[in-house]
Amino acid sequence: MTLQLHPFRIITLVICLTISFTTKSQTKNNYTLWYEKPAKNWNEALPISNGRLGAMIFGRVKEELLQMNEQTLWTGGPANQNPNPQAPKYLPQVREALFKDSIEQAVKLLHKMQGPNTQMYQPLGNIIIKQNAIGEATNYYRSLNIANAISTTRFTIDGVDYAREYFTSAPDQVMIIKLTASKKNALSVTFKVNNQLAHQTSTDANKDLILKGKARITNDERGAQKPMVFTDENNCNGMRYEMRVRVVKTDGIVTTDSLLNINNATEAYIIVSAATSFNGIDKCPDKDGKDEVAEDLKYLNAATQKNYEAIKTAHIADYTKFFNRLSLSINNLPAINLPTDKRLQLYKDGNEDFGLEELYCQFGRYLLISSSQPGGFPANLQGIWCENIRPSWRSNYTTNINLQMNYWLAEQCNLNEMTTPLIQHILRLAKNGTATAKNYYNMRGWAVHHNSDMWAQTNPVGEGGGDPKWANWAMGSPWLSQHLYEHYLFTNDKKFLKDTAYPLMKSAAEFCIDWLVEKNGALVTAPSTSPENVYLHPNGFKGTVTIASAMDMEIIWDLFSNVIEASKTLGIDAPFAKLLAEKQAKLNPLKIGKKGNLVEWFDDWEDEDSQHRHVSHLFGLHPGHQISPLIDSNFANASRKTLAIRGDGGTGWSKAWKINFWARLLDGNHSYKMYQELLKTSTLNNLFDTHPPFQIDGNFGATSGIAEMLLQSHLKELQLLPALPSKWAKGSVKGLVARGNFEVDMAWDNGQLLQATITAKAGGNCVVRTNVAVGVKGAIASTKKEIISGVTYYVNTFKADAGKSYQLSAMQ
């Protein structure tokens, strides 16, 4: 359920003109990352991707480096569905130990329940472009325009202006390179390819430069490296791959030896394509894999039939149909005309740059469009961009916060199609997770643990030595189910709810029912962790495993609430919904501790690290909907106290989560403080978030947080400007989406809402909460004035018709 607003006709015209002007000026001036020097390292390179094929562009003058990725190039092969047949017998022993406070014994037993670690995402290779030019470069410029997803490098050598243009086309599934020189026949370059995997390079009769090879059959750790093995006796594991570089058009001379050479050209149009043998998560990528050569040539030959302008036009049209849906203007100021790295440094030094804050917000949307396209896989820990064969945390799917954070922005920032890869992967996880629930626990439903990968591995990882505080966390399926229901809430797609979301949610609920056990009249989880954190037990030991952590209880409460509501919406499964309501009422309750904090563990124990990066016990505040200042000030204040104890530090993604937390607490200034902290202390020069190292969830989480400052709808009403920072005194936003499938445009001044337009995509009851009295045009609205915790709110309710827009304007 969601809300809508509307101004009068003349005000509506003002809104349209303001937003239109803002969009044009921002697109021209403020949606470009640009620099006056090449990237010194990977963390300064610029990312482009079509969701499958990605590149990091360094912008080097005489030896350009393009580091390439293909989304399905992972180590290993199909996940073992029953890697630890002895696991079920240990669960009763674990629970017995936990109920006796024998935590050390429980940890030892949990080690015996672990299985293999996940596979690793791999880099595809490097394209090196060596330019034969004598002299030093001047007038250097390197950029990424996120308004059209095109990267450009320009420089001058010996009076000749050179330009390189790069983009990756989703419609044509290739990367395009265009090289030009201002002087006829002044362009001479050589292309070389290589990587760190097993590979061969060659050229063919078409003068294609080819890199092909195989990924490793298994994984390892950077700190515990294994021999690099590329074949197994069953010819199952080890993904095959191929990448080709082809000169499609040039006025120069093209030759090949071990390299691809272009000499005496004025311009050159090059296509890069790539493919792997991936043929599904249940197929051996070697013996049962697709023909990667045929797949590669399919993309390349089809693109070769089109001219450069046709491919570029199709690329821009496809990308902008997503990107242009949302625009944001903060204080309506022009962009600062300085390189992005210099702007970022000035910001870190304490200078205001509202344009940089807008750019970073939209950069998050750019990264999601680029790394999560329908038909592909979800964005991993690094989106799609990865340079290391042993990447940090395997560049996998970490499901105790990071994968979920990647998608918080998608629905509310008008990119619901980008959730398709996540939804499709949840289906894969549910299939494998059903086997895990049965084989590990003898339980119904589906289970997902802390780590997963492209192969949808769902078992507890750790290989018998992983710390249970992360390895044995088992709440992946109920948390991921939240994304299924959120997709329904934002789209009102009842067919999706009935056919896809509800069956998966119900199955996850069945797992939770079986996972819960009774203690002292309450239902608890055992074992339970608060991901990656450690408590200090009153008996003098450090503990990582407990029962009924607050996070577990909140996640299960959230799932049960959503399944009950979905059952009612669909008019099915009333007995099951009744059972869930009974179970929900018996869940171990949330508690407020002696410091006024929300209790994280089974009891009010101290943390080993009071400022730990995870704040898992506030799941009910965000992304859940159990805690809010509008529901219960006691638990909201306990959440506030918890955040005060945790502090404003942490990793990049931790700061991003805190932006969302503070926004949900309706504290725009503290939310903004966390946004500033992220930009100042956890942002690289290419605007990637850093953990450290680079981890993309912080980018996505921050964009989500900005949306939460401007619009919230998790409580079945549209709350407009719920957490607007005082520094953002004036501005406008166009294209935010609220649950109920309402699209919202707003303008504000002096920190107060001026006007808003709400378009009902699906129709239904619309409830709008504002901090100022408003008039609604286009509907008969009932108005109620509320005072909550000393704050005055105005709540307007009206019936919205599908396809109709409603205007809301502040009353003077």
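Predicted model: local features only at pLDDT ≥ 70, side-chain atom pairs only at ≥ 80, totals over all residues.

From here, let's turn to charge pairing. Side chains of opposite charge can pair when their charged atoms come close. The structure contains 47 salt bridges, and one of them joins the side chains of Asp220 and Arg390, at 2.9 Å from N to O. Asp220 sits in the loop between strands E12 (209–214) and E13 (240–250), while Arg390 sits in the loop between helix H7 (354–371) and strand E18 (397–398), so this pair ties together parts that lie 170 residues apart in sequence. Asp220 is buried, at a relative accessible area of 3%, and Arg390 is buried too, at 12%.

Next, look at Glu242 and Arg244, whose side chains form a salt bridge with an N to O distance of 2.7 Å. Glu242 is buried at 1% relative accessibility, and Arg244 is buried at 6%. Both belong to a network of salt bridges that also links Asp204, Asp208, Arg246 and Asp296.

For a last stop, find Glu565 and Lys716, a salt bridge whose closest N and O atoms are 2.7 Å apart. Glu565 belongs to helix H14 (residues 550–570) and Lys716 to the loop between strands E25 (711–712) and E26 (718–720), so the pair ties together parts 151 residues apart in sequence. Here Glu565 is partly exposed, with 25% relative accessibility, and Lys716 is partly exposed at 39%.

Technical notes: Residues numbered from 1 in each chain as written. Heavy atoms only, no water. Salt bridge = Lys/Arg side-chain N within 4 Å of Asp/Glu carboxyl O. Helix = DSSP H or I, 4+ residues; strand = E, 2+ residues; numbered from the N terminus. Buried < 20%, exposed > 50% of the residue type's maximum accessible area, 1.4 Å probe, protein only.
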